[in-house]
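Open the model in your viewer and keep the selection tool at hand. The stops below go from the core to the rings.

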Amino acid sequence: GLPAALPALPLELTVLYNFLLFTVGASDSAIKGEAEGIRQGLLRVLEACGACGRDLGTEELWEKVLQEVTVEELQAPLQRLAALQAAWWLAASQLGSAAGLFHLLSTAEDLGRAHCSEGQNELLSVIKAWQVPPEGASLPLVQSAKDLKEILCTAAAFLQGLQELEAGNFPTAFSLLQEAAGGFCSKKILAQIYTCLGCCAQRMGKPQTALQHLKRALQVDFQCLPALSHVAAVYHELGETDAELQALTLLYEALGENPPATASSSPSFLMRTELLVHTPVLSSLLRHHQPSEVKYLLAQRCLQDGRVADAVEHYLDFLSLLQEGLQQQVPLDGSSALPRIPEVFLEAASALGQAGRHQDAITVCEEVISRTTDLIPRVLRVEERLEQPECSVPGAELAGGLLSQKKESLCCLAWRAAGYMHQGWAWARLGESKEAVTQFSSLLRAKERSSGGYCVQVCVYLPVTENLQPEVEVLQKIRLLALIGRGTQFLELGRHKQALLDFQHSLQLSPGDPAAASYLVQTLWKLNRKQEAAAQWQKFSQSCPEEDRQQQRQGRPLPLYLVSCLEQAVFPHSEPLARSIQDYLGAAAQDTSS
């Protein structure tokens, strides 16, 4: 409450500088908001000089003080306070404000030398051009302005590198992050910078360079586990599955150890780089995976690579985590690597089936069927025109909510249908063709065996086009595979005419499908309709390659839990059937010529 006095202001500003540093250091959390204490200090300086600036914004206030206050004793404390102000602005990503402030602090000669030596990066140029004021012996500082300048340089390079990385300017980002890596920071921050360098190099299409920087991050600080997850991602990109799985295994083990937080090995400073750099892109790059996510990635990658025994082990471990409150481990911001839980169950069933554990696969699928049945509405109509409405259309929010509900119902329907399909194929592998037919039919007839006994009606307007939603396409593929599966079991039971109907329906659903076409030809052959079989074989032999190319152009990948069913539906006797038909056609041609 005392009036400002010029003789006391150097001490007052130094005390304010130390106080703000103590406040920042004691909180040990990212700097946020405005430094109100700095503003009050500047106003007292102007008051002592007979001026006023209460109506000015912070940037205008600094400009007024630095241009109008010429008292020599105030220059050093004001410049130190300005460096603190720049730290607050960097923490708020107000890089332009920080650059403007350092322009005011530096002379024209200093700025000219800086631009010549530093190129076009204005912020780093003006920070480096700033001449740190000398420290007075009578006014000790809790952190020197020289150290503060080094931290500001590191933070500025790091922040700008992250901004350029987010904007897709990877060469510029890489250069700035390299500048930050050579700066003044703790080992923890240095490891984070190397991790960002690795991510940047990966996006530049330089996976080996990315691995070098990510491994460097782990050498600096092995507790920088996000670097290890990025290592696995790079190995996945390179197709080096063994190395990828090894990295994921190490990551899972490290996450399970829960080591205590280690203190920084760098000198203890109140103002540190980590307090100034806390952007969304950095949080995204350094997101810590939960053990359950890593366990799922291990299971998924083993299944994709055909390591069925390992996949089964990992999926069963993951499912056991469900009993430990998995929902509390999964982030709710959509950044999780986990798919929906029913899909994980279906992937586990796929792995169990491929491992020959068909009864276990049937049990897992029964869990999916029982949990999703009650979530499906009694009548569900899906049209080809199912699209996300424009926000400007009246009632768009309500329509969007209805669309979301419909998509969720479609997902539940697809999961339940996939459960029946996996059960059908499992019974087929066990040699129980009648039970397999029953499961496939449960999927196809749209009648539920639940206590409610209601009918689910799904109306999809054909033909399938790219405008249909992915959920509808998955349902169509499941229905196709179920028709083929039931047809194969009808063949096993000697019910050739019923098999023929299923294969004909399959081709109506997906014209030119190679498996359905081959089975159709085989069934006609077995029914002794050889001339018709030969004609169909010739027709499909010419049309299937083009159909395959069209499917490739569509390029929409199937869910992982359907891949094994797709493989099981492949016609296994293509060459013998082709030889039989070619022999028949050759004999027919000879008869005609004779």
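A nonpolar core here is a set of buried Ala, Val, Leu, Ile, Met, Phe, Trp, Tyr and Cys residues joined through side-chain atoms within 4.5 Å; buried means under 20% relative accessible area, with a 1.4 Å probe and protein chains only. This is a predicted model, in which local features need pLDDT of at least 70, side-chain atom pairs count only at pLDDT 80 or more, and totals for chains, interfaces and linings use all residues. Residues are numbered from 1 along each chain as its sequence is written, and side-chain values use heavy atoms, leaving out hydrogens and water.

Select Leu84, Leu152, Phe158, Met271, Leu276 and Tyr315: of the 184 residues in the largest nonpolar core, these touch the most other members. Helix H19 (residues 396–429) gives this core its largest share, 14 residues; helices are DSSP runs of H or I, at least four residues, numbered from the N terminus.

Next, stay on Tyr315. Beyond four places in sequence, its contacts (heavy atoms within 4.5 Å) include Tyr296, Val344, Ala348 and Leu560. Tyr315 also forms one aromatic cluster with Tyr296 and Phe318.

Now select Tyr519 and Phe571. Their ring centres are 4.9 Å apart and their planes at 85 degrees, so the pair is edge-to-face (ring centres within 6.5 Å, planes over 60 degrees apart). Tyr519 lies in helix H23 (residues 514–526) and Phe571 in the loop between helix H25 (560–568) and helix H26 (574–593), so the pair ties together parts 52 residues apart in sequence. Tyr519 is buried, at 7% relative accessible area, and Phe571 is buried, at 6%.

Key:
Buried means under 20% relative accessible area, exposed over 50%, partly exposed in between (1.4 Å probe, protein chains only). Helices (H or I, at least four residues) and strands (E, at least two) are DSSP runs, numbered from the N terminus. Rings of Phe, Tyr and Trp (its six-membered ring) pair if their centres lie within 6.5 Å; planes under 30 degrees apart count as stacked, over 60 as edge-to-face and the rest as tilted.
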